[in-house]
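Please look over the model shown here before reading the notes on some of its parts.

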Amino acid sequence: MHNNLKRLNGALAATALAAALAACGGGGGGAGGIGAAAGTTVSGVAATGLAIANGSVSLKCAAVDPAAVKTLADGSYSVDVSKSTLPCVARVDYVDPSTGSAQKLHSLVQATGTVNITPVTDMMVANLSSTGAAADAYDKFDANEVKSYTAERVRTVMQTVKTELEAKGVDVTHLPDDPIGSKLQAANGSRQGDDQDAVLDRIQEKLKEQKTTLQKMENEMKSGHESRGLTTSTGRPGDAAAGKTAYATNCQSCHGTRMPDAVNAAKILNAIKENAGGMGALANTVTTAMADDIATYMANGAGAGTGTALVAQTISFTSPGDQTLGTTPPALSASASSGLPVTISSTTPAVCTVNGTALTLVAAGACSLSADQQGDATYNAAPTVVVKFTVASASGAVLPTQTISFASPGAQTAGSSVTLTATSSSGLTVTLASTTPAVCTLSGNTLTSLAAGDCTVTANQAGNSSFAAAATVTRTFAVTGAAGTASASNGKALYASNGCGSCHGTVPASMNVLAGANNPSVIQSAISSNFGGMGKYSGLTSQNLADIAAYLATPNI
C-alpha cells in the first residue's frame with residue numbers, strides 16, 4: 001500500500017504501520033536509486049550527533065569488498081570502490097566516547113557518491129533487512145536481497161523511520177528525505193553541527209531519557225507495536241489466503257514481506273480514509289473485509305483461518321474549545337466504544353495540564369490534549385485522538401507562539417569554555433541552564449566544562465504579554481577528560497620507530513611532512529586516505545599523532 005498512518009495508537013502504537021502505509025506516494029532521495037551518482041568513490045560523514053572520529057568504515061559488496069578506512073576528526077571518510085561491484089552495505093565500527101563501549105552503525109550503498117552513516121541510516125537498514133536487524137544486512141550480506149531494495153521501498157522505510165522517531169518525541173522537521181545522500185555536517189570540537197546533525201542529537205537525548213538503545217528501538221519496529229495481535233472489524237479472523245493475494249497486489253512493492261503493524265485492520269482503513277501518502281486511491285479497492293483478510297495474513301500467515309481476533313475500538317473526545325486564563329475550564333469528557341476508561345494527557349504542559357478529567361490552564365498559548373485507551377484481553381488499543389485549542393491571556397488576547405533555536409556545541413573537553421548561542425523566534429532573550437552542574441556550569445551564555453561525563457543544557461523562554469511561553473529545548477553532549485600534553489621527544493621516537501624517515505627523510509624535510517607541524521589532523525587525514533601507503537599507520541593513537549606533530553614543529557630537540 002502507499003503509506004503513512006501518522007500516529008495511530010498512542011505514543012508508539014501507530015508508528016510503524018503509519019509510516020509504512022504512507023511513503024509510496026512520493027518523497028525523493030539520491031541514495032534511493034541505483035546509479036544516482038557517478039564516480040569511483042563512496043564518501044560521507046559518520047556521526048551520532050557528534051562526529052565519529054577514528055572510526056573504521058568497511059563495506060560488504062556484491063563483489064570485491066574494498067579496504068576499510070578510518071574516519072577523520074569531522075567524521076568524514078572516503079572509500080575507493082573502483083574495483084567493487086555495488087550495491088553494498090556500509091558499517092562504521094567505533095568507540096562511544098561517553099561509555100567507552102564498542103558500537104557499530106550501518107548504511108546502504110546503492111551508488112557511488114555521498115553515503116552518510118548515522119543512527120537514522122542504521123534504522124533504515126534494519127527496516128529494509130529481511131530479519132529486521134541492521135547488523136544482519138552486513139554480517140549475512142545477500143547481494144540479491146540488497147538489490148531488491150528499490151527506490152520505492154527506501155522511501156517507504158524512510159517514512160517509517162520518521163514516524164517512529166516522532167512517536168519517541170524527536171522533531172524530524174529538519175531530517176531530509178534522503179539522510180543517506182544529503183549533506184551532513186557533524187558537531188566536532190568548537191564547530192557546531194547542521195540541522196540534520198541536531199536531529200541526531202535529539203535521538204541520543206531521547207534514548208537516554210527513555211533508558212533504551214537504538215537496537216531496542218529497531219527491535220520494536222521489527223516486531224511492531226500491535227502487541228495484542230490480530231484486530232478485525234468483526235472480532236473474528238478473515239481469510240488469510242485472500243489477504244496474502246491482496247497484500248501482494250497492493251502492498252508488497254512498497255513494504256516488502258514484513259509489515260508487522262498491519263495486523264490491525266482499522267489502521268489500514270484509516271490510512272486510506274485520510275489519503276495518507278496517496279492511499280485514498282485504494283478507497284474503492286480495499287474494503288473492510290479485505291482489510292480484515294490482510295490483517296489476518298499479516299498476523300498468522302497464509303494458512304490462518306481460525307482463532308480469535310481482538311475487537312477494534314474508537315474514542316470520542318470533544319474539545320473544550322478555546323479558553324482564557326483566569327477562568328475555570330470545563331471538565332474534560334472522553335469515552336471509548338468499548339466502554340473501557342480513557343486516559344487524557346497534555347502534550348503541552350507549559351500551557352495546560354490534566355489530572356484525570358480536570359484541565360488546568362497554566363499560560364497563554366496552544367494547548368494539545370491526547371486521549372488514549374490501551375485495550376484489554378478483548379479489545380485492541382484505540383487510535384489516539386488529539387484535540388487542540390488556544391488559551392488566551394487574561395485580557396482575552398490569543399498570544400502567538402514562539403520557538404527556540406539552540407544548536408548543540410558538540411563534544412567538549414574538561415577545563416574548556418565555549419559560548420553557546422540560543423535564540424527565540426520572538427526575539428526575546430533565551431535563558432540557558434545546566435542540569436548537570438557537576439559536569440558543566442553556565443554563566444550567561446558561557447559554558448564551562450568541569451569534568452568528564454554528559455552535560456545537559458536547557459533553553460527556555462517564558463514569554464511575555466505579547467508571546468506565549470516557548471517549549472523547552474534540551475541539548476546533551478559529552479565532556480571528555482583533558483587531553484594529555486603533546487610530547488615532542490616522544491614524537492621524535494615515534495617518527496624514528498615507525499620508519500617515517502624512510503619516505504620523508506630527516507626533519508626538516510621537503511616532502512610536505514612539515515604540513516603536519518602542530519597539526520595532527522593532517523597526519524590523520526593522510527593515514528585515513530592511505531596517502532602514499534600511510535594507511536599502515538592506522539594503529540597510531542590520537543596522542544601518538546599529537547606527539548609526532550609536536551616533534552615536526554620542534555625538530556631540533
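## Basis of the model

This is a predicted model, in which local features need pLDDT of at least 70 and side-chain atom pairs count only at pLDDT 80 or more, while totals for chains, interfaces and linings use all residues. Residues are numbered from 1 along each chain as its sequence is written, and side-chain values use heavy atoms, with hydrogens and water left out.

## Pro66

Pro66 lies in the loop between β2 (56–63) and β3 (69–70), where strands (E, at least two residues) and helices (H or I, at least four) are DSSP runs numbered from the N terminus. With a relative accessible area of 13%, Pro66 is buried, a term that means under 20% relative accessible area with a 1.4 Å probe, protein chains only.

Leaving aside neighbours within four places in sequence, Pro66 is in contact (heavy atoms within 4.5 Å) with Leu59, Cys61, Val79, Asp80, Val81 and Ser84. Of these, Asp80 is 14 residues from Pro66 in sequence, and their C-alpha atoms are 6.8 Å apart.

## Helices α3 and α6

Helix α3 (residues 119–128) packs against helix α6 (residues 151–167) at an angle of about 120°, with the axes 9 Å apart; axes are lines fitted to C-alpha atoms, for helices over the stretch in contact, and angles run from 0 to 180 degrees between N-to-C directions. The residues in this contact include Val120 and Met123 of α3 and Val154 and Val157 of α6.

## Strands β23 and β24

Strand β23 (440–443) pairs with β24 (residues 446–449) in the antiparallel sense over 4 bridges, pairing being at least two bridges found by DSSP. Thr441 has Thr448 of β24 as its bridge partner.

Terms used. Buried < 20%, exposed > 50% of the residue type's maximum accessible area, 1.4 Å probe, protein only.
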